[in-house]
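Dear colleague,

I am passing on the structure below, together with some notes on its nonpolar cores and on one of its strands. Please read the notes with the model open beside them.

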Amino acid sequence: MRRVYFDNNATSPLLPEVFEAMRPYFFEKFGNASSIHQQGQQARAAVEDAREQVAKLLGARESEIVFTSGGTEGDNLAIFGMVSAGDHIVTSTIEHHAVLNASKRLEQMGCTVTYVPVDRNGVVKIDELRAAIRKETKLISVMMANNETGALQPLEDIGKIAAEHDVYFHSDAVQAAGKVEIDVQKIGCDLLTISGHKMNAPQGSGALYVRKGTLLESMLKGGRHERGRRAGTENLAGIVGLGRAAQISREWLATGGAERMAAMRDRLQNSILESVELATVNSASVPRTPNTANVIFEHIEGEAFVISMDLKGIAVSTGAACSSGAIEPSHVLIAMGLTPDQARGSIRFSLGKTNTDEEVDFVASKVPEVVTKLRELSPLWKKHTQTAIG
Ligand code: PLP
């Protein structure tokens, strides 16, 4: 059976070019980048080439890039590396659990945390963010793009607020990297997280941008790798893959990739809205990542939709992949003001660089029949249609 993968916000496929770039570093070029012999020097050169590519993607200096094992580590390093007991931090209600659970841990450590709410479109309320800052505020952490809706956050405004108040600013840009332009100078952030596997590099690779002069305490205690900011032998092949993916993403963005992807996403979205009644796109009226369409299908169970689509060869998701299996409705959609039933009936379609218009049409053709079938079985739908008739 053919398979169509529309769950790129959960993870994205390794591009063949990325794999080819990595291949030698598993075999003949396997050295430890800290060794002084030839294999070590080859490895060091490859790590530094990759660092240059990642720095270019973010508008940063090479020395400001710290390689990590992915988004969760980058977020944790930014937070625990900057904040200590007694500090206050400001974050938002729609962050990924990598930030939210790190923040919960900070509270146990004697810090205070303000979770700034979002509006109906899932955009952080900037006035509330400004009002939340106090003299003990050490860090603001607000994501660049939400993983469930794709909604882009007003980072440049937050950067200005952070600068005015002399507060450090971290952004989780895991869902933005490789899909939209990122310029850490324009944003005015001090720390920014990216993850390889959301941008066609391997799982277990990632980077944290750390602005020059930012005193970051390493979480892992060990050697002096990554200029003392992240101990542990570098994931050589993973780093090479991340570097190549960063280079490909930059070319893709420069040659209209994001616009082509947004057109494909809109084709999917419009087709669904035309063919299914009582369907709404979350965050449709605000700037979003070009690949994400999160759709509320009233009166269906999202999990049942995902399973039915999977049986037809199509991979989509309800909310974040990390929370699938949980019965709780998405904290992001609830924070936006959706009812628990609407949140449970919301489906995330997330496209990738390798998807095609033909796949979009295939998926769009299957959605109405799945929704109709599920609604026929749904007591909520029965109630709705009876009320509508009555
Ligand atoms: N931040 C966001 C916004 C994410 O979407 C994810 C993964 O879903 C993460 C952080 C965690 O990244 P990783 O899976 O690389 O640890």
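Contact here means heavy atoms within 4.5 Å. This is a predicted model, in which local features need pLDDT of at least 70 and side-chain atom pairs count only at pLDDT 80 or more, while totals for chains, interfaces and linings use all residues. Residues are numbered from 1 along each chain as its sequence is written, and side-chain values use heavy atoms, with hydrogens and water left out.

Leaving aside neighbours within four places in sequence, Leu58 is in contact with Ile65, Ile182, Asp183, Val184, Leu192, Ile194 and Tyr209. A nonpolar core is a set of buried Ala, Val, Leu, Ile, Met, Phe, Trp, Tyr and Cys residues joined through side-chain atoms within 4.5 Å, where buried means under 20% relative accessible area (1.4 Å probe, protein chains only). The largest such core has 63 residues, and Leu58, Ile140 and Leu192 are those with the most contacts inside it. Because domain 1 (4-12 + 256-389) and domain 2 (16-253) both give residues to this core, it lies between them; the domain bounds come from an automatic or database domain assignment.

Strand β8 pairs in the antiparallel sense with β2 (residues 65-68) over four bridges and with β7 (residues 191-195) over five bridges, pairing requiring at least two DSSP bridges between two strands. Ala207 in β8 stands opposite Phe67 and also opposite Ile194.

Best regards

Technical notes: Buried < 20%, exposed > 50% of the residue type's maximum accessible area, 1.4 Å probe, protein only. Helix = DSSP H or I, 4+ residues; strand = E, 2+ residues; numbered from the N terminus.
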